[in-house]
Amino acid sequence: MTAIETGRGRYAVQRGTRRSRRSLTAIAAGIVALAVAPFVLSSYAIDQLTELFLLALVAGMWNALAGYGGLISIGQQAFIGLGAYATIVLSHRGVPPYLAIVAAAVIGGVLAVPISLLVLRLRGGQFAIGTWVVAEVLALLIALDPSVGGGTGVSLTGLNVYPPADRQAYTYWLTLGFGVLLLGAIFALLRSSIGAGLQAIRDDEEAAASLGVRVYAGKRLLFVLASFGCAAAGALTLAKTLFIQPRSIFGLESTASMIFMVLVGGLGTFEGPLIGAIVFFAIQHWFADFGAWYLIGLGTTAVAFALFVPRGLWGWAEQRLHVQLFPVGHRLDVRAPDSDDRRSRPNADRSASRGRN
Amino acid sequence: MIWVSVVIQGVLLGAVYALFACGLSLMFGVMRIINLAHGDIAVVGAYLVWVVATRAGVSPFVAMVAVVPVMLVAGYGLHLALLRRSLAGGPLVPLLTTFGLAIVIQNVLQQVFSPDVRSLGAAAGRVTTASWRLTGELAISWFGIATLAMAVLLLGGLALFLRHTGLGREMRATAQDPDAAQLVGIDARAVYARATAVAVATAALAGAFLAIRSTFEPTSGPTQLIFAFEAVVIGGTGSLWGTLVGGIILGIAQTVGGHIDPQYSLLGGHLVFLAVLASPRSKTLAARTSRP
C-alpha cells in the first residue's frame, strides 16, 4: 500500500479492503473444509459437489478468456473433449488413471499452443466460430479412430479397481485441486502486472498495444490457461461418468452453459463465474426436466443479462454493496483530512475503481 | 471423368453455401458483427416455407415469394429489438445475444415443429429429381443449376446494389466509418437495420433452397452457420464475389473429401478452411477486420 500525504487529505492505493482481506481468509478456511468433506458428507453430496466444482472451473476458464482477454470462444468443448480422450489414450497405454487425468490436462494445455497460433489470427466473431471449427474437426477425427471407440464412444475401464466411494472421493479431491489451482493461478495472474495488461486488452486492444502491452502474448497465455483448465474438466468429467461419446463430449452444450454461467454471474469479475456456477447448478437441478422450455429459458436469460445486466449478478452486487471477495484490482482510498476514520468513502471508491475491479 | 463429376457436384453444393454466406458476409461487412443465429434464422425460413407450402398447397417456390418479404420485415424488427441494443454494448455483446437467440430459436422450433427431419424436395416436384445426363457418369441436376444461378444472381445483385445505388453507397460509407457517415447525414442505425433485413431475407431463401435440396430439422442451423462462415473466410472477408468463390471452394472440398471416403466429406471442408487460415495471406485478415 502506498500512502500519499497532501494538504487536503491522505490518499492510499490499496489492493483490497479490510473486508476483502477477511474474506480471503474465510475462503482459505472454506477450501480446507471442502477438502475434508468426503469424510463427512454422503457420496451423493460429494458427487453433486464435484459437478458444481466442474461447472465453476469451466465458467472460470471461459471468463478468463472473455472477461479478461476479450475472446469469446464457442469452441471450448474442443479442449473438454481433448482432455477426456487424452485420458482414454493414456490409460490404454497403461498409465494409472488418475495420473492420466493430470497428464491429459497438460496435453490439452500443450496442444492449445499450436491451436492458438491459428485461431488467434481471428478476432471477435471470427475467433468464436474459428474455435468452433477446431472442436468440430477434433470430433470428426476422433470419430474416425476405431481405437478410441470411433463414433460410438468408449469407457474408462482403469478406474474399476477402486471401490465406488473411494473413486468418488479421489475424483472430488482432484476436481477441487484443479479448481483451486487454476482459479488461484488466474487470481495471481490478474494481480500481477500481466493482469493489468490483460484488463487493458479487454477494454481497448489498440490503446493497450500503443502503451506497450504485448496483446498477442497476453491473449495466448489466457488461451493456453483456459484450454488447460477445460482439458482438466473434460478428463474429470470422464472420471465421473466413465463413458464418453465424441458427439456429446465435443457438443456445443458445454460451452453454452459456460456462457450462461459467466453472463449471469458477471462477465469480467473474478467472483462472477462462481456465482453463475451455483445459479446454473440450481437451475439445472430444478428445471432440466422441462426439456426445450428449459433451454429456451436459459437462452432468454442469457440474452437479457448480456443486454441489461452486462456485469451480471456479481457486478450488480459489487456496485451497490461495495463488497469484494477477491481483490484483483486497485482501490483508491480517500480519507478526510481531519479524521482518522479508516473507512473509505464509497463515492471516491467508485470513481476510482472505474471499469471492472 | 468421375473427378469432373465430383468437382461439378462440389460447385453446385458450394452454391448453397454461398447463398447461406451472403447474409453473413453482408452483416459482417456493414456492421462488423457475426450473427451466430444466422443458420437458425435460415432454418426458420425453411419452416415458414414448409408451412406456407403445405397449408396453401402451393409449390415451395411460390411459398418463397411470400416468405421472403415477411423475413425482410422480421430482419428489420430483429435489428431494432435486439441488435441495435447489442451493438451499443460493445463488440462482444452482439456475439453473446445472437448466440442466446440461436439457442432460443432451435428450441422453439423443436417445441413447435417436433424434432422430426423434414424435406421440401418432394413438394418441389420434378425439378429436384430431373437432371441433364451429359455422359454415363456426368449428370447435372436442374435444381443444382437453379441454386447456382440464384447464388450468382443474389451475390452479384447485392454487389451491384452496393456499388451503384444510393442506398448501397450509404451502406458502404457506414461500413467504413459510421460516425463520419452520420456527419454527412446518413442515419447509420437505419442503414444497419436495412442490412440486417436483407441478410435475414437471404438467409431464409438459403434455408428454403437447402430444404428443397436435402433435409432440415430444428438443429440444422449451427452446421450451416459454420459452412457459411468458412465460405466467407475462404473467399476473403469483405467481398461478396469472394464469398461466392469461397462457397464453391468449400463445396468442392467437401465432395472431393466425400468421394475419397464419405466420412471425409465434412473434414475436407474444415481442413481447407484451416489451411486458408494458416496461409500467410490470412495474416492480413486480422488487420483488415480490425477496422472499426
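1. A quick word on terms: two residues are in contact here if their C-beta atoms, placed from the backbone, lie within 7 Å. Bear in mind too that this is a predicted model.

2. With that in hand, take B:Val49. Leaving aside residues up to four places away in sequence, B:Val49 touches B:Pro60, B:Ala63, B:Met64 and B:Val67, along with B:Leu120, B:Ala208 and B:Ala211.

3. B:Val49 also turns up in the largest nonpolar core, which has 205 residues; B:Ala18, B:Leu19 and B:Val49 are the ones that touch the most other members. If you want the top contributor, look at helix α9 of chain B (residues 188-213), which gives 18 residues to this core.

4. Now the interface. On the chain B side 40 residues are in contact with 35 residues of chain A. Elements giving two or more residues to chain B's side are α3 (60-88), α4 (93-113), α10 (221-235), α12 (264-278) and α13 (283-289). Of these, α4(B) gives the most, with 13 residues. As for make-up, chain B's side divides into 25 nonpolar, 12 polar and 3 charged residues.

Note on methods
Residues are numbered from 1 along each chain as its sequence is written. Chains are lettered from A and ligands numbered from 1 in the order in which they are written. This is a predicted model: local features need pLDDT of at least 70, side-chain atom pairs count only at pLDDT 80 or more; totals for chains, interfaces and linings use all residues. Helices (H or I, at least four residues) and strands (E, at least two) are DSSP runs, numbered from the N terminus. Ala, Val, Leu, Ile, Met, Phe, Trp, Tyr, Cys and Pro count as nonpolar, Asp, Glu, Lys and Arg as charged, and the others, Gly among them, as polar. A nonpolar core is a set of buried Ala, Val, Leu, Ile, Met, Phe, Trp, Tyr and Cys residues joined through C-beta atoms within 7 Å. A residue is buried if 20 or more other C-beta atoms lie within 10 Å of its own, exposed if 12 or fewer, and partly exposed in between; C-beta atoms are placed from the backbone.
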